[in-house]
Amino acid sequence: MNFKRISHRLFFRISLCELKRLQSSLSTSNSKIQIPARIKRGPTDILQALDSTIPEDYSRISSVYHDDPYLIPVRKTFYYTYGLSYESGKKTAMWIHKKHSNLFPKHLSEPAIDAFQPPVQYTDKDQVSEEILLQVISQRRISDALDIYKLLETNVSNQAKQALLELLCFYNDKNSEVNKLIFEQWCATAKKKYIMWHSAEINELYQFLKKQDPLTAAAAHNAMICGLAKYLRVDEAMTLYHNCKQKNVPFNVTTYNYVLRILPKTFNHLNNVQFVLDILREMNEKKIKPNVNTLNAALKVVTAVAGTKKIVDFLFGEFERINIKFSLATYYYRLRMYSSKDKAACEELMEILRMLKDKSFTVQDWEDNLFFGQAMHLAGRWYDKKAAGLINDLLLTGNNRVFISNSSIENNYYIKYISILLWTSTVKEFFDHYEKIVPSLYVPQISLLWKILNSIQCNKTGVEAKYLLRLWSDINIFSANSTELMCNCIQLMKIDTLPPCSPLRTAFVDAALSCWNTIKKQLGRKENFKPLNTDVIAHIALMLLQGKHIEEAIEVLTIIINQPDMFILKMSEQQVNELFDTFMSEQCITGALLALECASNLGFQNVIEMGTKLNNLPELTSVERNKLLDLIGLKTLDTLDTPESS
């Protein structure tokens, strides 16, 4: 009862305090209730917030390969193969969904999702209307749009015909109808070829629309000029542009942009800069506000001509004055104005990087993805580590990695970046950066691994064993077909320099064994095998011996002796002596005889000394004695058996 009484009093006191606090706050605050402005949230904002709480994992790989742990790629080429195979299944499903829509009679989603619905086959006039035509045009479904247009027997408004003309002018090549998936686009390195596949339909629409009222005709002329320019029919586009200009046909900003884009492909190169200035002056007189694509198209022409820095500065100033937000392509053209040997290029690059620090960009121009490669190229020309670091920091800011848009751009960028780090950093500093890049951001090519290995070989201060092991791991995973590269990495591993209790000793021996197994597989193919130096193979044999893999070491020397055409004889006398002494210490006469045979084949002078040591062994069998006899000859062996020699 006392406890209840105390609890009741305590509760009463707390409630009274809370009431007084509430009354005090109400008396001091405004009578109006202020509701904070609602923050607009995207559907994935909460996921991004949760993702930001997870520490960066530099050993991760793309989720494309996580469906089956047995399909995680272990070779550079497998990344492409597996990725394309992954998307091939999706494309097959999409094809079946489109061609065999009768197999999907029920709704595949609830509520219905348009992408999951079987596509409608337009075969009857009752199925179509102008509204459906406009909807299909907005979805860029070229074939369906043409089918509907034919079913309507061209009885549609001029606005619908103009929309169809613009669709065909801008998106009528075959590649536009193929729904390329992300990884397929990533692997596509060939330059896209634009071909107008619907020229007859375009001409029919254009001939009709240009005879209508002036506004309709002007829109048709603008669309036609843009279409011809996009598909690089330069002469036709420029002829139509000049004809329309003589007739005072009004142009829109997109038409001016396309005309500027094709100027470098015309034959009158000398007057291009003046032509650009005339177009910009004309746009200003007609009150047509340019955009960032106008600036980029103008810069593309102007920066290709030497001695135009003042014009470039003028363009930047004018477009900045009218509040045009620059894209990365804008800065790319400014950097392209300089020669890579010009020191001013480095100063300009640093000024741009300081200006762009911590900024995230969106794609505004299809040439935006050229900026990072050009910037890193200039940083690499002067081996400027600070500039390279700023460029990479900018790439990792926000969503800027979208500008590394395909595998070719990625390779060029990271090869240059890693090369700069390689030549301007200590081994420790380099591998600190390297471990953050590989494999989470980039999988290195064989040429880059060779460059790293050669740099380590030239390092005179010594390299920590753990870095060699990391490099070996990447070579073994991403470039296991390059036997020569693997052997050169193994040759840098020195077990003798490691402490007796170091776990790296076992790791080095395992690496040597793995390398030897790879060499054996390559030897089996023979036709594609590049001969290896025997000094590398001898080093592998010695490592195997130090790791107590005696049978494998014997196998190594046996293959060297039995298949001399597969190797280049470069084994040193010191290596042979080490092999012989190690075999003797392990009491392995077979291995010692093989080392003796190598010495004999190479013509080393210590053959008799080796033979003496073997001949004095009491456990030497008759078979082994006969082998020794074959190697050093009967006369020499008899001399070794005399009391004087003993």
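**A walk through the model**

Start by selecting R470 and D474: these two sit four residues apart in helix 23 (residues 465-478), so about one helical turn separates them. Helices here are DSSP runs of H or I with at least four residues, strands are runs of E with at least two, and both are numbered from the N terminus. R470 and D474 form a salt bridge, with 3.2 Å between the closest N and O atoms. A salt bridge means a side-chain nitrogen of Lys or Arg within 4 Å of a carboxyl oxygen of Asp or Glu. R470 and D474 are both buried; that means under 20% relative accessible area, while exposed means over 50% and partly exposed is in between (1.4 Å probe, protein chains only).

Before you go on, note that this is a predicted model, where local features need pLDDT of at least 70 and side-chain atom pairs count only at pLDDT 80 or more, though totals for chains, interfaces and linings use all residues. Residues are numbered from 1 along each chain as its sequence is written, and side-chain values use heavy atoms, leaving out hydrogens and water.

**Salt bridges to click on**

There are 22 salt bridges in the structure. Pick K125 and E153, whose side chains meet in one of them at 3.9 Å, N to O. K125 is in the loop between helix 3 (76-99) and helix 4, and E153 is in the loop between helix 5 and helix 6 (158-171), so this pair links distant parts of the chain, 28 residues apart. K125 counts as partly exposed because its relative accessibility is 43%, and E153, at 49%, does too.

Now try E429 with K385, where the closest N and O atoms of the salt bridge are 3.6 Å apart. E429 belongs to helix 21 and K385 to helix 19 (residues 385-395), so the pair ties together parts that lie 44 residues apart in sequence. E429 is partly exposed at 36% relative accessibility, and K385 is partly exposed at 30%.

**A buried asparagine**

Which helix holds N296? Look in helix 14, residues 292-302. N296 counts as buried because its relative accessibility is 0%. Show what surrounds N296: leaving aside neighbours within four places in sequence, N296 is in contact with R261, S327, A329, T330, Y333 and D365. Contact means heavy atoms within 4.5 Å.

Most residues other than glycine have a negative phi, and most peptide bonds are trans. Select R140, in the loop between helix 4 (130-138) and helix 5 (142-151): R140 is not a glycine, yet its phi is positive, about 60°. Jump to N248, in the loop between helix 11 (234-246) and helix 12 (253-261); N248 also has a positive phi of about 60° without being a glycine. N248 counts as exposed because its relative accessibility is 66%.

Then find V438 and P439, which are joined by a cis peptide bond with omega of about -5°. P439 is in the loop between helix 21 (427-437) and helix 22 (446-458).

Color I46, L47 and L50: they form a nonpolar surface patch with about 330 Å² of accessible area together. Patches take residues with over 30% relative accessible area and no salt bridge, joining like charges within 9 Å and nonpolar side chains (Val, Leu, Ile, Met, Phe, Trp, Tyr) within 5 Å. Accessible areas come from the Shrake-Rupley method with a 1.4 Å probe, and for residues only the protein chains shown count as cover. L47 lies in helix 2 (residues 45-51).

Finally, select residues 1-14, where pLDDT stays under 50 and the model has zero contacts beyond four places in sequence. pLDDT is the predictor's confidence in each residue, from 0 to 100. The protein averages 85, and 86% of the residues score at least 70.
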